[in-house]
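Hello,

I am passing a structure on to you, and my notes on its pockets and on the contact between its chains follow.

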Amino acid sequence: MIVLIICIVLKILVVVVPLLISVAYFTIAERKIMGIIQRRKGPNVIGFLGLLQPLADGLKLFVKETIFPSNSNIIIFLIAPMLTFILSLIGWAVLPLSKQIVLSDLNIGVLYLFATSSLSVYGIIMAGWSSNSKYPFLGALRSAAQMISYEVSIGFIIINVCICAGSFNLSFIVLAQNNVWFVVPLLPMFFIFCVSMLAETNRHPFDLPEAEAELVSGYNVEYSAMTFALFFLGEYANMLLMSAFVSILFLGGWLPLVNLFPFNYLPGSLWFSLKLVLGVIFFIVTRATLPRYRYDQLMYIGWKSFLPLSLGYLLLSVGILISFNWLPT
Amino acid sequence: MNCLIGSHFCPCSHHHSPRSRHSNSQLPSEKNSKNTSRKMSLRPSTAAAIQDMPPPGGYKKLDFARYIPDRGPKGWQLWVGATTLVMYGYYQVGKTNQARIQQKMQERKVRYALAPLMQAEADREYMERELVNLRREAEIMKDVTDLKGNPWVPGSSQYFGGQWMPRKVSYFMRHQG
């Protein structure tokens with residue numbers, strides 16, 4: 001029994017520790033890539049090429065004083081960042097990193113991921129509301145409304161994928177892409193999903209709820225030091241999670257580009273990492289390139305563009321699969 | 001005609017040359033020269049007025065609107081290409097799904113074919129264990145009678161329904177540590 005518990009803990013650490021290191025180096029990657037796009041160098045002082053910058057940032061946040069606003073509800077104020085961080089980590093439990101390398105191979109893995117991303121809305125609402133200040137409150141409301149709006153279209157897109165694959169199991173979904181990745185038949189859905197995941201993670205150009213000019217950093221304005229670090233880590237872990245999710249749903253997960261030598265000689269986890277890095281670069285380049293959407297434009301896109309499109313494409317997918325007897329069961 | 005105001009202060013430009021606005025009507029480059037017999041050149045008042053007109057034939061056409069080059073595939077070509085790609089993708093998905101269904105059916109047929117053999121093996125195993133237990137039961141219950149006073153028959157059922165009930169698995173495993 002004890003050996004079993006130790007094995008489970010070790011498996012979790014093998015996933016979580018590299019994830020946290022990735023999140024830390026995601027921040028330096030973002031700053032460096034944005035710097036290159038803006039024709040300047042990013043951080044290059046701390047360590048060789050600035051590679052120790054995340055450690056310096058982490059240390060800074062760790063030693064700073066955590067300020068608790070006197071008007072805030074302390075218990076919920078503290079629970080909110082913990083909830084956000086925990087939810088962004090537990091989503092990784094069902095992601096298959098390679099063939100038979102997965103923490104928990106749930107048959108309802110997609111539903112589980114969807115549920116955790118929906119629960120993260122609570123963390124944001126709790127953060128904004130417990131701060132007891134108007135800017136974070138407004139930011140939290142806008143952020144939560146934005147997230148639930150884009151989750152609807154994400155849900156329909158996921159149904160598209162699951163109908164083509166015939167399962168909610170993420171490993172099955174990857175194996176179903178052996179012949180062709182789902183990005184080919186579901187190309188418009190892939191684009192809509194990429195944009196929706198920007199909105200879901202409150203990233204640029206959908207980051208109005210946490211834009212400094214508009215809402216003074218939004219729902220996490222009252223947070224400092226470690227609590228802010230938890231929000232920060234949670235947001236970046238969420239971005240990595242979404243990149244991994246899109247690579248599993250549309251880009252074949254751990255499957256190679258072409259099932260020929262030398263592509264299939266490389267390990268599956270390497271292919272998965274490459275696709276995840278593509279998603280990360282997409283997040284960063286989009287942030288450096290595009291202007292921000294106004295809030296009403298943001299909501300218009302979510303409800304009046306993406307939702308009808310994703311629903312219509314779902315009907316198209318189902319119609320085609322039924323008509324030609326191509327359903328998976 | 002000499003200007004009454006003085007060429008330097010007069011705002012009129014049409015009868016003063018630029019040269020006349022300089023002191024002594026001399027350009028800076030001419031100040032140190034020894035040619036002092038130069039006179040101011042004033043246009044006669046009978047000459048026609050000079051108007052700033054476009055060049056003969058007019059100016060070239062100026063494209064002041066935004067420059068959006070029309071290059072790359074046309075819209076209809078993109079639609080056709082994307083539709084072809086998507087339909088090819090659905091075809092591949094359909095092929096994969098049909099192959100998977102066929103594989104599942106094959107596995108099920110294999111299981112159906114093997115079921116009698118597997119059942120026979122299980123029955124054989126059951127009987128081997130049952131015989132061992134019957135021998136043990138016969139030895140334990142040799143001096144015991146049943147409820148009707150008859151000698152105990154090893155293997156007799158615990159139930160009165162008359163229906164044969166197989167042993168539970170725990171029954172076979174009860175002697176294992």
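A word on terms to begin with: a pocket here is an open set of grid points with protein on both sides within 12 Å along at least five of seven lines, and a lining residue has an atom within 4 Å of a point. Please keep in mind that this is a predicted model.

With that in hand, take the second largest pocket. Its lining is made up of 18 residues, and those nearest its centre are Ser22(A), Trp92(A), Phe272(A), Ser273(A) and Leu276(A). The volume of this pocket is about 390 Å³. Two helices of chain A, α1 and α10 (268-289), each bring at least two residues to the lining, and α1(A) gives the most, with 8 residues.

Now to the largest pocket, which has a volume of about 1,100 Å³. Here 37 residues form the lining, with Thr27(A), Glu30(A), Phe228(A), Phe232(A) and Tyr236(A) closest to the centre. The elements of chain A that provide two or more lining residues are α1 (2-37), α2 (53-63) and α9 (225-249). Once again α1(A) is worth a look, as the largest share of this lining, 9 residues, comes from that helix.

In chain A, 22 residues are in contact with 16 residues of chain B. About 1,600 Å² is buried between the two chains, and carbon and sulfur atoms give 66% of that area. Which residues of chain A lose the most area to chain B? They are Asn179(A), Val184(A) and Trp326(A), which together account for 33% of what that side buries.

Between chain A and chain B there are 6 residue pairs in polar contact, counting pairs with both residues at pLDDT 80 or more, while the count of salt bridges is 0. On the side of chain A that touches chain B, two or more residues come from each of α5 (134-165), α7 (187-200) and α11 (295-323). Of these, α11(A) gives the most, with 4 residues. By class, that side of chain A has 18 nonpolar and 4 polar residues, and no charged ones.

Note on methods. Residues are numbered from 1 along each chain as its sequence is written. Chains are lettered from A and ligands numbered from 1 in the order in which they are written. This is a predicted model: local features need pLDDT of at least 70, side-chain atom pairs count only at pLDDT 80 or more; totals for chains, interfaces and linings use all residues. Side-chain values use heavy atoms; hydrogens and water are left out. On a 1 Å grid over the protein atoms alone, a cavity is a set of points where a 1.4 Å probe fits but cannot get out, and a pocket is an open set with protein on both sides within 12 Å along at least five of seven lines; lining residues have an atom within 4 Å of a point. Grid points are joined across faces, edges and corners, and a volume is the space filled by probe spheres set on the points. Contact means heavy atoms within 4.5 Å. Buried area is the accessible area (1.4 Å probe) that two parts lose on being put together, summed over both. A salt bridge is a side-chain nitrogen of Lys or Arg within 4 Å of a carboxyl oxygen of Asp or Glu. A polar contact is a pair of N or O atoms within 3.5 Å; within protein, one must be able to donate a hydrogen and the other to accept it, and residues adjacent in sequence count only if both atoms are side-chain atoms. Ala, Val, Leu, Ile, Met, Phe, Trp, Tyr, Cys and Pro count as nonpolar, Asp, Glu, Lys and Arg as charged, and the others, Gly among them, as polar.
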